[in-house]
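Visitor: I am new to this structure and would like to learn how to read it. Could you walk me through it?

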Protein chains: 2
Amino acid sequence: MDRLTGRTQMEKERDINILVTGGAGVIGSSLVKKLSGQITVTDNLSSSSSDPIADLIASNKVKFVRGDVRNLRLMKELTKDIDLVVHLAANGDVRYSPEKGTKLDTMVNTVGTFNVLEAMRVNDVKKIIFSSSSSVYGRASQIPTPETYGPLIPESLYASSKIGAEALILSFSKMFSFKAYIFRFANIVSSNFRKVGRNVIPDFVMKLKDNPKTLEVLGNGHQKKSYLYVDDCINGMLYASAKSRRDIDIFNLANIDSIEVKEIAKIVIEEMGLVNTRIKYTGGEAGWLGDVPISILDIKKVTELGWTPKLNSMEAVRKSARGIIRSISIRRS
Amino acid sequence: MDRLTGRTQMEKERDINILVTGGAGVIGSSLVKKLSGQITVTDNLSSSSSDPIADLIASNKVKFVRGDVRNLRLMKELTKDIDLVVHLAANGDVRYSPEKGTKLDTMVNTVGTFNVLEAMRVNDVKKIIFSSSSSVYGRASQIPTPETYGPLIPESLYASSKIGAEALILSFSKMFSFKAYIFRFANIVSSNFRKVGRNVIPDFVMKLKDNPKTLEVLGNGHQKKSYLYVDDCINGMLYASAKSRRDIDIFNLANIDSIEVKEIAKIVIEEMGLVNTRIKYTGGEAGWLGDVPISILDIKKVTELGWTPKLNSMEAVRKSARGIIRSISIRRS
């Protein structure tokens, strides 16, 4: 019995049917390995592959359906006889680029969430766990930022699409009696990484592989955020959604500490065994258009339920860096 | 020079080109009459007609294009050479019904707003005024509710679609340097009324026309809200958007007081000259699924700029009731 993961409750629920959208992604694929029950994973594989869950698919522990949350008809098919939806599918690339355009966040993250909810309503699915984002807070005037902070002034289209998705989940839950647990994630780091919309650690590793002498860091290096290791993230979601006494609840899910981007650069350089790497900052307090320079969440609400992360931000970053460096070395060799 | 409407500033801006979406609606048609500049109105007329602005169209003061915010291509055409968009178009019917379905709010109010913003971005339009709703606060634990209240837990799909729209406006404004003024409206009342999604006053008038002996009131009659006359609403929007010192701002726009539904029933009965009408309450604290029983907004932010409504809630309701009764009598005679 693991007090931190709430698995005893999950164990009791071996017979429940779970749909995980975005279940092949960095968070999804780790989550699926920890879930009990009959699991269906759907993912459009736009920024992932089904490799991380290939064993589970092969052994029939997981049913995999390649598909997109923008397809309402498919969502209606996939939610038949489902008891719980863990809705992780999203365009996870926070940065805007003219090539990418503006439409993806709204259509995948907001309208896609509408489709999942409408499918749940039609098929009488009564529980959803959702991965939102600390980006919803924008440049909050209150640090650390609690769940009650308002108004939410998003800095990116990604952040606004998550606000729209949260609002839809809350209203569907109120109107059609779903249970809903929304998690506003800090930066979730992992030894695995996305093909598209790379996070800071794989970004640094790749850059240093190409040029070990100079590392370009976006912004002034003082962007300060909280980093949570993927296993802690998953434990936190399962734990809080099991322990919450409310039918509808919103939780910040972040680390107890936060670190600056310049510290991440140093960790990655160290872990790669480099010594004379020069760090070049592009300058400016934000790394890119839509970036939030300081993101520190108040996690009292979730820690008061009894959850704490096993790795702090520094440890989470180091473990991720190590894993990513190893996996890239293996791929390239 | 009217200190309350900010019209001096508008007068100076005679040459600006303004697009008003939803400009044939109850609020839009009143607004259009007060605006200076070259005005284009677009409206799909789903819950209104162009009659209220027929004179302005006939005299070429307003260009009218029947159209829908769900049509991105049309929005791109209409925002060419525009300086300001007043975005009022919305599915304004807050109530859910199985016949209406769940999709309309998200597609019209959220995705429609996306289309307006994307069109603005493409055509370099740099200012938007938006009609949001006090419904975004849901059953707020803080009464009166300030703009900083969080988290927003919407009770209706309408409310969540407005949260999604607000978030989109804020992120587009942050990323592409728009000025944005968002107004969270109380119940806006008027002598005019919508064909679809009737508000409480025309609803009572119609019911009493059919049966003057008994008036059925949804809920227990104690739902308490703030009612703002349409002219005050328009003055407030123009005033606050002109006086705000911020490029992006959110304002509650409501009355200084609030009244119960049972008082509205009494006013309508009085104004119709009825004496022995029995009021029958359907019971329950909310009038319908998604209703918020108590909605009282903190309006310090807008009143500190110097704006105050001319009519209080009671006066606004009485004036509206009188106008609606008269117009229905004329139509039926």
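Visitor: How many residues of chain A are in contact with chain B?

Guide: Keep in mind that this is a predicted model. In it, 33 residues of chain A are in contact with 33 residues of chain B. On the side of chain A that touches chain B, the elements giving two or more residues are α5 (103–123), α6 (157–176) and β11 (248–253) of chain A. The most comes from α6(A), with 11 residues.

Visitor: How do the residues on that side of chain A divide into nonpolar, polar and charged?

Guide: There are 18 nonpolar, 10 polar and five charged residues on the side of chain A that touches chain B.

Visitor: What rotation superposes chain A on chain B?

Guide: A rotation of 180 degrees does it, with 0.0 Å of shift along its axis and an RMSD of 0.0 Å. The two copies are thus related as by a two-fold rotation axis. To find that axis in chain A, look for Gly164(A): its C-alpha is the nearest one, 1.9 Å from the axis. The copies meet through the same surface, because 100% of the interface residues of chain A are also interface residues in chain B.

Visitor: At what angle do the axes of α5(A) and α5(B) cross?

Guide: The axes of α5(A) and helix α5 (residues 103–122) of chain B cross at roughly 175 degrees and come within 12 Å. Angles over 145 degrees count as roughly antiparallel, and so α5(A) is roughly antiparallel to α5(B).

Visitor: Which residues meet there?

Guide: From α5(A) come Thr106(A), Thr110(A), Val111(A) and Phe114(A), and they meet Thr106(B), Thr110(B), Val111(B) and Phe114(B) in α5(B). This contact of α5(A) with α5(B) has four nonpolar residues, four polar and no charged.

Visitor: Now for a helix pair inside one chain. How do the axes of α2 and α8 of chain B cross?

Guide: Helix α2 (residues 26–34) and helix α8 (residues 230–243) of chain B have axes that come within 10 Å and cross at roughly 60 degrees. That makes α2(B) oblique to α8(B), and the crossing is right-handed. On α2(B), the contact is made by Val26(B), Ile27(B), Ser30(B), Leu31(B) and Lys34(B), while α8(B) brings Val230(B), Asp231(B), Cys233(B) and Ile234(B). By kind, the residues of this contact are six nonpolar, one polar and two charged.

Visitor: Let us turn to sheets. What holds strands together in a sheet?

Guide: Strands pair through backbone hydrogen bonds, and the pairing is either parallel or antiparallel. Chain B has an open sheet of seven strands in the order β3-β2-β1-β4-β5-β6-β11, with parallel pairing. At its edges are β3 (62–66) and β11 (248–253) of chain B, each pairing on one side only. From one strand to the next, the twist averages 15 degrees.

Visitor: How many bridges pair β4 and β5 of chain B?

Guide: Three bridges pair strand β4 (residues 84–87) with strand β5 (residues 127–133) of chain B, in the parallel sense. His87(B) has Phe130(B) in β5(B) as its bridge partner. Lying across β1 (17–21), β4 and β5 of chain B is α5(B), which runs at about 180 degrees to β4(B).

Visitor: In what order do the strands of the three-stranded sheet of chain B come?

Guide: The order is β12-β9-β14 in this open sheet, and the pairing is mixed. Each of β12 (259–260) and β14 (294–295) of chain B has a single partner strand, so one side of each is left without a neighbour in the sheet. Two bridges join strand β9 (residues 224–225) of chain B to β14(B), and these two run parallel. Lys224(B) stands opposite Ile294(B) in β14(B).

Note on methods. Residues are numbered from 1 along each chain as its sequence is written. Chains are lettered from A and ligands numbered from 1 in the order in which they are written. This is a predicted model: local features need pLDDT of at least 70, side-chain atom pairs count only at pLDDT 80 or more; totals for chains, interfaces and linings use all residues. Two residues are in contact if their C-beta atoms, placed from the backbone, lie within 7 Å. Helices (H or I, at least four residues) and strands (E, at least two) are DSSP runs, numbered from the N terminus. Ala, Val, Leu, Ile, Met, Phe, Trp, Tyr, Cys and Pro count as nonpolar, Asp, Glu, Lys and Arg as charged, and the others, Gly among them, as polar. Axes are lines fitted to C-alpha atoms, for helices over the stretch in contact, and angles run from 0 to 180 degrees between N-to-C directions. Angles under 35 degrees count as roughly parallel, over 145 as roughly antiparallel, 65 to 115 as roughly perpendicular and the rest as oblique. A crossing is left-handed if the near helix is turned anticlockwise from the far one by less than a right angle, and right-handed if clockwise. Copies are superposed by least squares on the C-alpha atoms of residues with pLDDT of at least 70 in both. Two strands pair if DSSP finds at least two bridges between them.
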